[in-house]
Amino acid sequence: MKEFTIANLLDLEQTIAKDLFTGKTYPWEVLPEIGAFIVKLGETLSADEYDRTGENVWIAKSAKVAPTACVNGPAIIGKDAEVRHCAFIRGNAIVGEGAVVGNSTELKNVVLFNKVQVPHYNYVGDSVLGYKSHMGAGSICSNVKSDKKLVVVKDKEEQIETGLKKFGAMLGDNVEVGCGSVLNPGTVIGRNSNIYPLSPVRGCVPADSIYKSRNEIVKKF
């Protein structure tokens, strides 16, 4: 599964959480460590650039956070990010620089790289979203299997047991997810790929692809 390693999915220069990924092979390995990492990193952030607004909540002075948004810690809201009306950040969340967290969007145990957009009615839990990735309106990351078993990442004949009960989706840089799509637990999408609207996605989607259905994944020209 070399294509779906951190090195092949994510530009670590595009996140304040670069050190969180150090020494790890796959991006989902960071999920159990996000909360503790935020607390440690938050204590080092400059008071000239970040306000500490609550218990383990750091918000960049240049960020825009709607008064109706709810931000629970641990959380870091990056520079020039926008958290819109009625967004719900439940904790263990890093929102990258210039990212958008939209109306009624819910985040929990996530790393959003810089310029990520989750702008309309999205649920993103136990997930990592790479630089400039975008989730269309109503698309969600389902993070628990219906049978409550541990999540296994599957790519054709290969599979990796993660040991995680909660695992949403790993999106590479510049991934576009169409409106109303559901990314099932253990979904990994390679860089620069597009997901058709209303798609139920599971397993691994190669980089530079267009996902039309489970049986129709084509390469971009």
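Buried means under 20% relative accessible area, exposed means over 50%, and partly exposed lies in between (1.4 Å probe, protein chains only). This is a predicted model, in which local features need pLDDT of at least 70, side-chain atom pairs count only at pLDDT 80 or more, and totals for chains, interfaces and linings use all residues. Residues are numbered from 1 along each chain as its sequence is written, and side-chain values use heavy atoms, with hydrogens and water left out.

**View 1. Tyr26 and Trp28 are both buried.** Rings of Phe, Tyr and Trp (its six-membered ring) pair if their centres lie within 6.5 Å; planes under 30 degrees apart are stacked, over 60 edge-to-face, the rest tilted. This rule gives 3 aromatic pairs. Phe21 and Phe113 have ring centres 5.7 Å apart and planes at 65 degrees, so they pair edge-to-face. The rings of Tyr26 and Trp28 have centres 4.7 Å apart and planes at 5 degrees, so this pair is stacked. Tyr26 and Trp28 form one aromatic cluster with Phe167.

**View 2. Phe21 and Phe113 are both buried.** Helices (H or I, at least four residues) and strands (E, at least two) are DSSP runs, numbered from the N terminus. Phe21 sits in the loop between α1 (6-9) and α2 (34-42), and Phe113 in the loop between β10 (106-112) and β11 (117-120), so the pair ties together parts 92 residues apart in sequence.

**View 3. Asp155 lies in strand β15 (residues 152-155).** Contact means heavy atoms within 4.5 Å. Not counting residues up to four places away in sequence, Asp155 touches Met1, Phe4 and Cys204.
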